[in-house]
Amino acid sequence: MDYKILFREKICSICVDSDANGKCLLSDDEICAIEAYLPKIVKIVKNLENKTIDECCKVLKDEICSRCANNKDFNCKLSNEANCALERYFPYIAEVLLSAEN
Ligand code: SF4
Ligand code: SF4
């Protein structure tokens with residue numbers, strides 16, 4: 001499965017940082033955490049034992065935010081400003097990936 005295409009269809013299309021056609025509007029110096037961590041996100045969800053949306057969100061946040069360069073001493077400016085697409089859409093990302101596995 002091409003997860004980049006899946007995410008473009010399912011997540012970019014509803015993201016507040018996209019235009020009406022789902023085209024990303026981030027500037028060249030902004031990085032989308034979903035794109036940056038996509039392989040890792042997919043791997044984490046595939047390896048989950050308890051495949052529920054809540055568990056999926058918790059593990060994604062634990063595993064990715066804790067190692068993200070934007071996380072300074074457990075404080076992320078993008079998160080505080082609701083400006084990280086990954087954090088904004090954790091539950092929806094979990095739902096999309098869990099559905100794709102079935
Ligand atoms: S910020 Fe990320 S999820 Fe949102 S439109 Fe851009 S690439 Fe897609
Ligand atoms: S919320 Fe912050 S720490 Fe978590 S992935 Fe997004 S930018 Fe990184």
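In which hand does α3 pass α6?

Author: The model is a predicted one. In it, the crossing of α3 past α6 is right-handed. Two packed helices are described by the angle between their axes and the distance between the axes. For α3 and α6, the axes come within 9 Å and cross at roughly 115°. On the α3 side, the residues that meet α6 are Ile53, Cys56, Cys57, Leu60 and Lys61. Their partners in α6 are Phe90, Pro91, Ala94, Glu95 and Leu98. Sorted by class, this contact of α3 with α6 holds eight nonpolar and two charged residues, and no polar ones.

Helix α6, residues 90–101, also packs against α1, residues 3–12. Here the angle is about 135° and the axes lie 11 Å apart. The helices α1 and α6 are therefore oblique to each other. The crossing of α1 past α6 is right-handed. From α1, the contact uses Leu6, Lys10 and Ile11, while α6 brings Tyr92, Ile93, Val96 and Ala100. In the contact of α1 with α6, six residues are nonpolar, one is charged and none is polar.

Helix α3, which spans 53–65, is one of the elements that supply at least two residues each to the shell around ligand 2. The others are α4 (77–80) and α5 (85–88). The shell of ligand 2 consists of Ala33, Ile64, Cys65, Cys68, Asn70, Asn71, Cys76, Leu78, Ser79, Cys84, Leu86 and Glu87. Of these residues, eight are nonpolar, three polar and one charged.

Around ligand 1 stand Ile11, Cys12, Cys15, Asp17, Ser18, Cys24, Leu26, Cys32, Ile34, Glu35 and Ala85. Two or more residues of this shell come from α1 and likewise from α2 (33–47). The shell of ligand 1 divides into eight nonpolar, one polar and two charged residues.

One residue of the loop between α4 and α5 deserves a note, namely Ala82. Most residues other than glycine have a negative phi. Ala82 is not a glycine, yet its phi is positive, at about 50°. Ala82 counts as exposed because it has 10 C-beta neighbours inside 10 Å, and the cut-off for exposed is 12 or fewer.

Conventions: Residues are numbered from 1 along each chain as its sequence is written. Chains are lettered from A and ligands numbered from 1 in the order in which they are written. This is a predicted model: local features need pLDDT of at least 70, side-chain atom pairs count only at pLDDT 80 or more; totals for chains, interfaces and linings use all residues. A residue is near a molecule or strand if its C-beta atom, placed from the backbone, lies within 6 Å of it. Helices (H or I, at least four residues) and strands (E, at least two) are DSSP runs, numbered from the N terminus. Ala, Val, Leu, Ile, Met, Phe, Trp, Tyr, Cys and Pro count as nonpolar, Asp, Glu, Lys and Arg as charged, and the others, Gly among them, as polar. Axes are lines fitted to C-alpha atoms, for helices over the stretch in contact, and angles run from 0 to 180 degrees between N-to-C directions. Angles under 35 degrees count as roughly parallel, over 145 as roughly antiparallel, 65 to 115 as roughly perpendicular and the rest as oblique. A crossing is left-handed if the near helix is turned anticlockwise from the far one by less than a right angle, and right-handed if clockwise. Two residues are in contact if their C-beta atoms, placed from the backbone, lie within 7 Å. A residue is buried if 20 or more other C-beta atoms lie within 10 Å of its own, exposed if 12 or fewer, and partly exposed in between; C-beta atoms are placed from the backbone.
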